[in-house]
Amino acid sequence: MAAPAPSPTNAPKSSSIRRSRPSYRCESCRGRRVKCDQTRPKCSNCARNEVECVYGETNLKRKDPPGDAATNESPAKVVRRNGEGKETQSNHGYLLLQNGGRSRYIENTFWASVDVEGLELDTLLFDLPLFPLEGICCAAGKDVDNHASSTPCHHYIGTTEPNFSFWASRRPTALRADAHSLASTLSKLPPRETCDYVYEHFVESVHPLIPLLHLPTFDRQYRRFWDWHKTWTVGDAPDGVLAEYPSFLPLLLTVLFTGSIARSTPDAVSMYLPIETQKMLYYMIPAALSMVGFPHSPSLYSLIAFLLLNSMLIREEESLSSCSFVAVAFRVCQAMGLHKDGTDFGLDEVQVEERRRVWCHLMHLDVMTSIVSGLPLVASSEMFSNTQMIRELRDEYIGKVDLTDDIDNDSIIDPNYILTAGRYDSTSCIRSILLQQFSPRPVSLVCVNNIEKRIKELQVRTKERIKRLSLQSYKEQSSPSSLLNLSPSVSSNNVSEASNPRVRWGKDLLSLMVEKAYCLLYQPTMRDSNLWMELRARAIPRFQSFLSIFIDMCTAESYLNYQWLYPGAYQPLQPVAVLLTDLWKNPQSLEASKSRALLEKTFSLLGPEGRITNGASRASCWPDQRYTSVGAKQAWMRLEKLRSKVWQKLGLDHRVLWMKSIRQTGQQSESVVTAARSASTSQVTTQQPQSSEQSEGPDANLSLSAEPQK
């Protein structure tokens, strides 16, 4: 420990009271008992009062040993001054970091940015909660009829001082009566062995599709937490990672919960983590987020936990209730400055990449939830953001290797991020389509043709990514963040798509996103009969292609690890509605037989919850069992009524479909998909279910192509 600098003789005397935590305030602010922004060489209070500013000694260990003022500054001050020093780039705004992963950002238009020092902007930013939820948080357990004076809420209030006493200032008494305390939360954690097993599922099934974490960093913190937890006793103050990053707790709970529900087979997770334990974890997450001050004083980890949890619980049929979190997350991201690239503020590369991942995922969610809800985008334009796309570099090389175009080293590229960047590229294209569709100007044929050109460009980029995905999977080495790890028993030189379903699933997902873009382009044109007449011949095959790929993705048993996304979160409501409507209007068209076969297969996959469930075993995880989904039943009930009318018009008995054995259909699907899959990445085939009408009709044993008919 470095020797403290001696206090000048004219400095005010230090208090004789022994402090339980170090004070970094100057002697003047400490004597006046006011907050100090700790600016060197003179804090804003002393500058405003025109008094000498002296930083005295402390009897406790400082987080930053005294030394040169430029090197002794907190990260918040460094980032702030870097932003201020760029005179030619003044539009970067003002970013302030606090320990524990917290950050606050404001644009230069904010009133207090006129005089940063004089108006004490640092303190102001952290003292202002983002959301006015004080009454819900602290007054929920109070009797509104008794006229006792209520004390203001303090446990969400931020501070510019170090966070050593974070948990001590957030005792359970400050939370509402039904909230979990820190001790009860830690006591209810499953055993380490169980958590390791579920954590592995998270890395394998969830992180590849929502890659928000820098896994090497989180893994180190995970191990540090358990090393501390095994010696922890109830009543002890948190130490180690929880003291440094309090928001690690809700993130840990979210990782365990999402990892447990991603695998829904009864013989996989349930024997280690029963449904009741999953429910307990689910209810502990909001309490843990509340304890660390989310969303009032968010950190990157608490925001990631919030996004992970709600992303896993999206249900397309319940679009408003399950997707409303996006607007809250968007405002939190802006308040933390995630819409500005971290390189503008001199952050380290790991921080920059994590912030990019969160922002890009939120922009992706904005598009996907806008599609399912039918509401405008939260972010109507990307012009206000300069955050760059995520990198394809493996986590372990971030900050160590610069990835440039002339580097030809496949070992440092992660196929997981090739897939994720492809999805984000697709939703960026879809965003431009939605902006056009939401415009008050009517859609014209010229407009459709222009957007088709954009989608074709996306299709070219997607095919290139699919090619890279295939090549990369053969050369891939073991990585904790990898989606496409090959089985040790499979030779990387002789591996085929049939023996590597994970590669095939990634290709299907990218292809599905392209077809989704086409579907969103064509579907609104059905309301214009003249325009639809021009477009129908090339539109219907796109809806058929989307539904064909979707059926493969939700019926192949080898895809089970990723079926929490399709069909777990997103259902094919739009293509089903379009094909049913087209069958009603054009029952004798050339596309009619293929549409009917696809619809037969789709409706046969409806499970007991009233929606298409994930997995060929027809097993559904706890989120589908937590309640009877009214939205799902209402949506598919209406589609079933329309199907009944269409089948009657075609002279078919619509009741035959519901008498089929769903389990038998699911068991047959995996072998059908594997046998029918072509080596070409653009062809996907699957055998159709055989109803009594199909076995006698001309479309029996119909082969379904994933590519639209030319």
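This is a predicted model: local features need pLDDT of at least 70, side-chain atom pairs count only at pLDDT 80 or more; totals for chains, interfaces and linings use all residues.
View 1. Apart from residues within four places of it in sequence, leucine 547 has contacts with Pro572, Pro575, Val576, Leu579, Leu598, Leu599 and Thr602. Leucine 547 itself belongs to helix α19, which spans residues 529–555. Its relative accessible area is 0%, so leucine 547 counts as buried, the cut-off being under 20%.

**View 2. The pair leucine 547 and leucine 579.** The C-alpha atoms of these two leucines lie 9.7 Å apart in space, and 32 residues separate them in sequence. Leu579 is one of the residues in contact with leucine 547.

**View 3. Crossing of helices α20 and α21.** Helix α20 covers residues 573–585 and helix α21 covers residues 592–604; their axes come within 10 Å and cross at roughly 135 degrees. This angle lies between 115 and 145 degrees, and α20 is therefore oblique to α21. The crossing of α20 with α21 is left-handed. On the α20 side, the contact involves Val576, Leu579, Leu580 and Leu583, while α21 contributes Ala592, Ser595, Arg596, Leu599, Thr602 and Phe603. By class, the residues of this contact comprise 7 nonpolar, 2 polar and 1 charged.

**View 4. The whole protein chain as context for the close-ups.** The chain contains 26 helices and 2 strands. Of its 710 residues, 57% are buried. Among contacts with a separation of 6 or more, 73% join residues 24 or more positions apart. The accessible surface amounts to about 31,000 Å², and carbon and sulfur atoms account for 53% of this area.

Notes. Residues are numbered from 1 along each chain as its sequence is written. Side-chain values use heavy atoms; hydrogens and water are left out. Helices (H or I, at least four residues) and strands (E, at least two) are DSSP runs, numbered from the N terminus. Buried means under 20% relative accessible area, exposed over 50%, partly exposed in between (1.4 Å probe, protein chains only). Contact means heavy atoms within 4.5 Å. Accessible areas come from the Shrake-Rupley method with a 1.4 Å probe; for residues, only the protein chains shown count as cover. Axes are lines fitted to C-alpha atoms, for helices over the stretch in contact, and angles run from 0 to 180 degrees between N-to-C directions. Angles under 35 degrees count as roughly parallel, over 145 as roughly antiparallel, 65 to 115 as roughly perpendicular and the rest as oblique. A crossing is left-handed if the near helix is turned anticlockwise from the far one by less than a right angle, and right-handed if clockwise. Ala, Val, Leu, Ile, Met, Phe, Trp, Tyr, Cys and Pro count as nonpolar, Asp, Glu, Lys and Arg as charged, and the others, Gly among them, as polar.
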